[in-house]
Amino acid sequence: MDVSDFPPTAPADDPAHGEGDGLRRRRLAQGVLAVIGGVAVLAVLFVVLGPAAAWWVEHIDKVPLNGQGAVAGKERQEVLDNARGRLAGIAAGLLAAVAIFYTATNAASARRTAEASVRSSEAAHRAAEASERTTQAAFQSAEAAQETSRAAIRTAAATEQGVVTGRFTAAVDQLGSDKSAVQLGGVHALAGIASDFSSLRSTCIDVLCAYLRLPYDPDPGEDGDSESRKAYRAFREVRHTVIRLIGNYLRLPAEHPRSWQGHSFDFADVVFDGGDFHHAHFSGGTFNFRGAKFTGGTTNFRNAHFSGGTVDFGGAEFVGGTVDFAEAEFTSGAVDFLYAKFAGTVSFEGAKFVGSTINFKGAEFTSGGVEFNSAEFAGGKVDFQGANFTGSTINFLFAKFAGGRISFWLAEFASSNVCFPSVKFIGSTVDFWEADFTGGIVEFGGAHFSGGIVDFVEARFIGGTVGFRGARFAGGTLDFSRTLGDRPPSLATESLRGVLLPPNWALSPTQEEDL
């Protein structure tokens, strides 16, 4: 049998326990006395009303009841009644005395019970006070323990902060070394601090970007001496490591604790002669490439995602090497190529411009090639306002313009090849307002114009070649009504019903019959 099956017992020296036992004993004694008293009363009544009365008459009153001279009859009864009356009075007095004694005993017992209750209440109160003091002491002890823990945390945090500050200072010192190996160590140290401590991430990113903004001498080429070429290659390795690490951390998902997404990067005036940003996510922050120069090598933005932030290539110069935005996605943000210069090879092949604002205002396409083959422009706005296409090849082969607005307002197409072959203009607004087609070749061969609006209002077709051979005009509005210059020859044999033409582009009866 388990000990827990037995009821708990109070300690032997517990005052409340002893008083309770005494009280029970007194109550038992009082009950016994009450029973005895009741029996005694009955016995007294029997004696008083019976033998005692006769005994009293014969021995106290000296009146014979038996034998010679005994009273009899009525007199005998009167004598006995008188004796009984006196005995009853005596018995009543005795009973009153017993009752008084019993009442006094009960009163004393009640007093002792009340006193015991008071003592028990006082003991409980003292026990409660002791328990409260114990609880308060435990609470104070817990508070002291918590304060000790907080102090330990503060001490650890201060120690950690000191360690991190020391690491950061050492990393910056390494980055400032004139030895490339030491600089590489500083780059990796800063990247490690940025990934481990989110509170210092922006600071470390700023330092790494500032390093890229430092003056960067161009490749001395084959004519340079061996020392200068070695120094150049070592310096370039450090820079490319910075770019590679930034790309690595921008490829991590946004929810990853070490991801650098959502932070801002300042690449203003940085010289890029290569670098890898493929699949990087430029989102939630500001990415400043304003005035950057892409001078050689391959800078890879393939499959990069530009969303929810601002990416600024304003005034950037793409003057050498290859910059690859193939299959990149530009969504729900702003990407600015304002007054950028394209004189190298830039590829937007298969890129998606969806719900975003892409600004090529005033951009100059002067040499090299820019490809938008199979690119998709859906929703949002793409603005080539005032762009100059001179001396370069711009290809939109199989591109698709669906929804949104694409503007070539005041764009100049001169001495370039700008090709829109097999492009689909579907449900979007494309305007060539006041665009100048003054030289080179602009080709819309096989393009499909359906739905939406394509507007050449006050565009100038003067010189050069503009071809629409094989273009299809179905639905929507294609407006040449205020176009200046001569009608492109390839429009003469195409189906032009529903196309708004200026008066000087009217078709001959023979051409009308051909339609």
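**Exercise 1.** Is Arg111 buried, partly exposed or exposed, and what is its relative accessible area?

*Solution.* The model is predicted. Buried would require a value under 20%, and exposed a value over 50%. The relative accessible area of Arg111 is 48%, which makes Arg111 partly exposed.

**Exercise 2.** Describe the salt bridge between Glu115 and Arg111.

*Solution.* Start with the distance: the closest N and O atoms of the two residues are 4.0 Å apart.

**Exercise 3.** Work out which parts of the chain the salt bridge between Arg290 and Asp312 ties together.

*Solution.* The side chains meet at 2.8 Å, N to O. Arg290 sits in the loop between strand E5 (286-288) and strand E6 (293-294), while Asp312 is in strand E9 (residues 310-312), so the bridge ties together parts 22 residues apart in sequence. Arg290 is partly exposed at 38%, whereas Asp312 is buried, with 12% relative accessibility.

**Exercise 4.** Locate Arg482 and Glu458 and state how exposed each one is.

*Solution.* In this salt bridge the closest N and O atoms are 3.9 Å apart. Arg482 lies in the loop between strand E37 (477-479) and strand E38 (484-485), and Glu458 in the loop between strand E33 (453-455) and strand E34 (460-461). The pair thus links distant parts of the chain, 24 residues apart. Arg482 is partly exposed at 48% relative accessibility, and Glu458 is partly exposed at 33%.

Notes:
Residues are numbered from 1 along each chain as its sequence is written. This is a predicted model: local features need pLDDT of at least 70, side-chain atom pairs count only at pLDDT 80 or more; totals for chains, interfaces and linings use all residues. Side-chain values use heavy atoms; hydrogens and water are left out. Buried means under 20% relative accessible area, exposed over 50%, partly exposed in between (1.4 Å probe, protein chains only). Helices (H or I, at least four residues) and strands (E, at least two) are DSSP runs, numbered from the N terminus.
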